[in-house]
Amino acid sequence: MAEATVIFSLQRLESLLLRETETFTGLEDQMKMVKRTIKEIGCFYGDRGNTEGDAAFSRWETELKNLFDDLDDHVDEFVIQMDQQQGSDRLGLIDCFGTKLQKIESRLAETTHKMKELKNSSTTAGGMGEKSDIKEQSHGEEEVQTEVDSIASEAEKEENEGNREQSDGDKEAHPDSDFSIPRKARRILTPDLMKVAQSLNNIQPRSLFLFGKQELSGENWLNFVGAKFLRVLDLEDAKIRRLPDEVGDMIHLAYLGLKNNDINELPDRLGNLRALQSLDIRWCGDLTELSTEILKLVRLRHLKMFKSRNVSGMKLPGGIGTLGSLLTLTGVHAGGEIAGELRKLTQLRRLGVMDVAEENANELYASIMVMQGLLSLSLEAKHTFDQGHLVLRDSFSPPSILRKLRLEGLLEKTPNWLGSMGSLTKLRLGFSHLSENPTLVLQVLPNLEKLTLWHAYDGRQLGKDFCKAGGFPKLEVLIIASRVLEEWTELEEGALPRLKYLHFHSCLNLRMLPEGLQFVTTVEELVLLPLLDEHEERLKPDGGLENYKIRNIPKITFIPASVVASRFNERFSTPPTPATDKE
C-alpha cells in the first residue's frame with residue numbers, strides 16, 4: 001500500500017502547512033521541495049505497469065514506507081516542540097528541523113532514482129520499450145482527496161491478488177471487511193468503523209480517519225482500547241448524529257474534525273482534551289453555540305465554525321479572549337461581548353466574523369485593527385442572502401499584510417482603503433450590489449491573483465475601464481456573477497496580462513464578450529454557466545460572429561440556458577421524473 005502512503009503523506013503535509021502556517025515560517029521552500037519529490041513518486045504509480053509481484057519493487061515499497069514514517073515522526077516532534085518553545089529557542093528548533101528535512105529530501109531523491117531504475121528495467125524486460133505518452137497527473141488538494149476515497153477498494157484488490165502480504169512492521173492500514181490490521185499500524189483509514197472495531201482493540205493507532213457515511217449504532221462506538229492513544233480523529237462527512245462521551249478520555253487528541261456531520265451538541269467532557277490544537281465543527285447539524293468547556297482547551301490554535309442552518313455565526317461563551325494561542329477563528333457570531341473580546345486574540349492569522357451589524361461594528365473593527373499579524377479576514381453581514389447591509393466604518397482599515405479578504409453584504413461604496421492593500425492576493429466581494437464599478441480601484445492592486453465579484457456590481461455594461469492596459473498585473477482567476485450584466489464591450493490590449501481562468505456564473509443576460517479578449521493569450525479556460533442560447537450561436541466555431549474572441553482558448557465549458565431550465569423543471573416537477581442526463 002505504498003501508493004496510499006504517498007497520498008496520505010501529501011494530504012497531511014498540505015493540511016499541516018495550512019493549519020500550522022506560523023510554525024513552518026522560514027521552511028516553506030524546503031517543505032515544497034519535499035512535497036514536489038513525493039508528488040514525483042506518486043506519478044510513478046500512474047504508469048508503473050505490472051511490477052507488484054517483483055521482489056525489488058516490494059523492497060523499494062518497504063523502504064518508502066519507512067522513509068514516510070520517519071518524516072511523519074520528525075514533523076510531529078517539530079510541531080509539538082515549537083508549541084512549547086518561545087523566542088530564540090524556536091530558532092534553534094527551526095534550524096535543526098531544516099537539517100532533518102534536507103536529509104529526508106536527499107533520501108527521497110535517492111528513492112526516486114531507484115524507482116526510475118526499477119521502472120526502466122521492468123519496461124525493458126517486458127520487451128515494450130519506454131512509453132512515450134505518459135498521462136499527466138494532477139496532485140491538487142481535490143485530487144488527493146478523491147484518491148483517498150478509493151483506498152479501500154485498492155486494499156481489497158491487493159489482498160485478493162495475493163501479490164504481497166503486509167507485515168507487522170507496516171504502520172498504515174486501510175481496512176475493509178476482510179482486512180487484518182497490523183499490530184503496529186499507526187494510521188487507520190476506513191469507510192466502515194463497525195467492521196474493524198474489534199481489531200482496533202489490539203492496536204494503538206495515532207490517527208483514525210472515517211470517510212463516507214458511517215452506520216454507527218449505539219452511543220459507545222469510540223469505546224475501543226486504542227482510542228485513548230489517538231492524536232488525530234477525522235470524522236468529516238461521516239454523518240454521525242452524536243459524539244460519544246468517550247471522546248473526553250482521548251487526552252492526547254490534537255486534531256478533531258467533525259465537519260459536515262449531523263451533530264447537534266458536543267459532549268460535556270470536551271474540555272478534557274487539553275492537548276487539542278484543532279477543532280473543525282463547520283456545518284454540524286443544529287449546533288448553534290459552544291459551552292464554556294471550550295475555554296478549557298488552552299492549547300487550541302484553530303477553531304473553524306459555521307452553522308449549517310439559518311446561515312449565521314456560532315455563538316461563543318464570554319472569556320474566549322483567554323485562548324491566546326488561537327491562530328484561526330472562523331464562523332464567529334459578532335453579537336454579545338465577543339466583538340470586544342477579539343481584541344485579546346492578537347496572534348490570530350485567520351478570522352471570519354458573521355452577523356456584523358450596527359450594534360457591534362465599532363468594537364469589532366477596533367479589535368481587528370490591533371491584529372497586526374492577520375493574513376485572512378472574512379466579514380459577513382447579518383442576513384446576507386436577504387441583502388443585509390455590511391457596516392464598514394470610514395475609520396476602519398485592516399492590517400496592511402492581509403493576503404485574503406472576503407466581504408459579504410450590501411456596500412454603499414467601495415472601501416477607500418481597498419486600493420492600498422498591496423499584499424492582497426485573493427479578494428471576494430459578495431452581494432455588494434455596488435452602483436459604481438469596484439475594479440476602477442482594484443485593478444491597481446499589485447499582487448492580486450484571484451478576484452471574485454459575486455453580484456458585486458449592478459452595472460448592465462462593462463467597458464474598457466474595467467481593466468486598462470497593465471491593470472490587474474498578477475490576476476490569474478476572475479469570477480463574475482451578475483443577474484443584470486448584459487454586455488462587456490471592450491478590453492484594452494495589454495489588460496489582464498496573466499489571466500488564466502475566466503468564469504461567468506449566473507450571468508443570465510450576458511449577450512456579449514469583450515472585444516479584445518482575443519488578445520489575452522494566457523487564458524486557459526473560459527466558463528459560461530449558463531450561456532444564452534442566442535449567444536451560443538455567435539460563439540460557435542463554424543460561422544459564429546464572436547468565435548474569433550475565444551478561438552485560442554484551449555478549454556471552454558458552458559451549459560445553454562435552455563438546458564439549465566429543462567433540468568430545473570425536471571428536478572422540481574410533480575411527480576418527479578428520473579434524471580436521464582449523463583453528467
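Phe396 and Trp417 are both buried. In this predicted model, their ring centres lie 5.8 Å apart with the planes at 85 degrees, so the pair is edge-to-face. Phe396 sits in the loop between β10 and β11 (404–408) and Trp417 in the loop between β11 and β12, so the contact ties together parts 21 residues apart in sequence. The chain has 583 residues, and 49% of them count as buried. Its secondary structure comes to 13 helices and 19 strands.

**Aromatic pairs**

- The structure holds six aromatic pairs.
- A pair of aromatic rings is described by the distance of the centres and the angle of the planes.
- The rings of Trp488 and Phe504 have centres 6.3 Å apart and planes at 75 degrees, so this pair is edge-to-face.
- Trp488 belongs to strand β16 and Phe504 to strand β17, so the pair ties together parts that are 16 residues apart in sequence.
- Trp488 counts as buried because its relative accessibility is 1%.
- Phe504 is buried too, with a relative accessible area of 1%.
- Trp488 and Phe504 form one aromatic cluster with Phe466 and Phe472.

**Nonpolar cores**

- The largest nonpolar core has 112 residues.
- Leu256, Leu329, Leu351, Leu379 and Phe504 have the most contacts inside this core.
- Helix α9 gives the most to the core, with four residues.
- Another core lies apart from it and has 19 residues, among them Ile41, Leu64, Leu93 and Leu108.
- Not counting residues up to four places away in sequence, Leu329 touches Leu303, Met305, Leu316, Leu342, Leu345, Leu348, Arg350, Leu351 and Gly352.

**Helix α9**

- Helix α9 spans residues 358–368, and its buried residues are Asn360, Ala361, Leu364, Tyr365, Ser367 and Ile368.
- These residues lie on the same side of α9 because they cover an arc of only 150 degrees around the axis.
- Glu359 and Asn362 are exposed on the other side of α9.
- The packing partners of the buried α9 residues are α8 (338–341), β9 (350–356) and β10 (376–381).

**Salt bridges**

- The structure holds 15 salt bridges.
- One of them joins the side chains of Arg269 and Asp249, at 2.2 Å from N to O.
- This pair links distant parts of the chain, 20 residues apart: Arg269 is in the loop between β5 (255–257) and β6 (278–282), and Asp249 is in the loop between β4 (232–234) and β5.
- Arg269 counts as partly exposed at 31% relative accessibility, and Asp249 counts as partly exposed at 40%.
- Arg460 forms a salt bridge with Glu486, and their closest N and O atoms are 3.3 Å apart.
- Arg460 is in the loop between β13 (450–454) and β14 (461–462), and Glu486 is in the loop between β15 (477–481) and β16 (487–488), so the pair ties together parts 26 residues apart in sequence.
- Arg460 counts as exposed at 52% relative accessibility, whereas Glu486 counts as partly exposed at 24%.
- Glu487 forms a salt bridge with Arg511, and their closest N and O atoms are 3.8 Å apart.
- Glu487 lies in strand β16 and Arg511 in the loop between β17 (501–505) and β18 (525–531), so the pair ties together parts 24 residues apart in sequence.
- Glu487 counts as buried at 14% relative accessibility, whereas Arg511 is partly exposed, with a relative accessible area of 38%.
- Glu380, Arg406, Glu408 and Arg428 are linked in a network of salt bridges.

**Phe431**

- Phe431 lies in the loop between β12 (426–430) and α10 (439–442).
- Phe431 counts as buried because its relative accessibility is 15%, and the cut-off for buried is under 20%.
- The C-alpha atoms of Phe431 and Leu410 are separated by 5.9 Å, although these residues are 21 residues apart along the chain.

**Whole chain**

- Among contacts between residues at least 6 apart in sequence, 55% join residues at least 24 apart.
- The chain exposes about 28100 Å², and carbon and sulfur atoms supply 47% of this area.

Technical notes
Residues numbered from 1 in each chain as written. Predicted model: local features only at pLDDT ≥ 70, side-chain atom pairs only at ≥ 80, totals over all residues. Heavy atoms only, no water. Buried < 20%, exposed > 50% of the residue type's maximum accessible area, 1.4 Å probe, protein only. Helix = DSSP H or I, 4+ residues; strand = E, 2+ residues; numbered from the N terminus. Arc of directions from axis to C-beta. Contact = heavy atoms within 4.5 Å. Salt bridge = Lys/Arg side-chain N within 4 Å of Asp/Glu carboxyl O. Areas by Shrake-Rupley, 256 points an atom, 1.4 Å probe, with all protein chains shown as cover. Core = buried A, V, L, I, M, F, W, Y, C linked by side-chain atoms within 4.5 Å. Phe/Tyr/Trp six-rings, centres within 6.5 Å; stacked < 30°, edge-to-face > 60°.
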